[in-house]
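Thanks for coming. I will take a few minutes to walk through one model, starting with the chain overall and ending with single residues. Please keep the view open while I talk.

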Amino acid sequence: MPDAEATARIVASQATVSDKIRALNAAGYPRAEIARLLGKRYQHVRNVLEGDKVGRGASAAPGGAEEP
């Protein structure tokens, strides 16, 4: 796991909270540590990372109007 200075660089280089979560995860931080560093709940971190596994298309509302 990177030191505090490297962590600050990772966080500062990202625009959104979700991007920060993804970058810290890629750097090897555990989910609980990411949540603590960013001041977010563990569930938020988990949702971002698990959502990436499923794919971004899964966030569309079910039962929405579809083109035939």
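Among contacts in the protein between residues at least 6 apart in sequence, 36% join residues at least 24 apart. Contact here means heavy atoms within 4.5 Å. Some notes on the source: this is a predicted model, in which local features need pLDDT of at least 70 and side-chain atom pairs count only at pLDDT 80 or more, while totals for chains, interfaces and linings use all residues. Residues are numbered from 1 along each chain as its sequence is written, and side-chain values use heavy atoms, with hydrogens and water left out.

Now the overall layout. The protein has four helices and zero strands, and from the N terminus on the order is α-α-α-α. Helices (H or I, at least four residues) and strands (E, at least two) are DSSP runs, numbered from the N terminus. Of the 68 residues in the protein, 19% are buried. Buried means under 20% relative accessible area, exposed means over 50%, and partly exposed is in between, with a 1.4 Å probe and protein chains only. The protein exposes about 4,900 Å², and carbon and sulfur atoms supply 51% of that. These areas come from the Shrake-Rupley method with a 1.4 Å probe; for residues, only the protein chains shown count as cover.

Next, the core. Which residues form the largest nonpolar core? There are eleven: Ile10, Val11, Ile21, Ala23, Leu24, Tyr29, Ile34, Ala35, Val45, Val48 and Leu49. Helices α1, α2, α3 (31-38) and α4 (42-54) each supply at least two residues of this core. A nonpolar core is a set of buried Ala, Val, Leu, Ile, Met, Phe, Trp, Tyr and Cys residues joined through side-chain atoms within 4.5 Å.

Take Val45 from that list. Val45 lies in helix α4, and it counts as buried because its relative accessibility is 0%. Leaving aside neighbours within four places in sequence, Val45 is in contact with Ile21, Arg31, Ile34 and Ala35. Val45 and Ile21 are 24 residues apart along the chain, and their C-alpha atoms are separated by 6.5 Å. Leu49 also touches Ile21, along with Arg22, Asn25 and Arg31, again not counting residues up to four places away in sequence.

Helix α1 (residues 4-12) and helix α2 (residues 17-26) pack at an angle of about 140 degrees, with axes 8 Å apart. Axes are lines fitted to C-alpha atoms, for helices over the stretch in contact, and angles run from 0 to 180 degrees between N-to-C directions. From α1, Thr7, Ile10 and Val11 meet Lys20, Ala23 and Leu24 of α2. By class, that contact has four nonpolar, one polar and one charged residues. For the classes, Ala, Val, Leu, Ile, Met, Phe, Trp, Tyr, Cys and Pro count as nonpolar, Asp, Glu, Lys and Arg as charged, and the others, Gly among them, as polar.

Thr7, in helix α1, counts as buried because its relative accessibility is 10%. Beyond four places in sequence, Thr7 touches Pro2, Leu24, Tyr29 and Leu37.

Pro2 lies in the segment before α1. Is Pro2 buried or partly exposed? At 29% relative accessibility, Pro2 counts as partly exposed. Pro2 and Gly28 are 26 residues apart in sequence and 8.3 Å apart in space, C-alpha to C-alpha.

Last, Gln14 sits in the loop between α1 and α2. Gln14 is partly exposed, because its relative accessible area is 27%. Setting aside residues up to four places away in sequence, Gln14 touches Asp19, Lys20 and Ala23.
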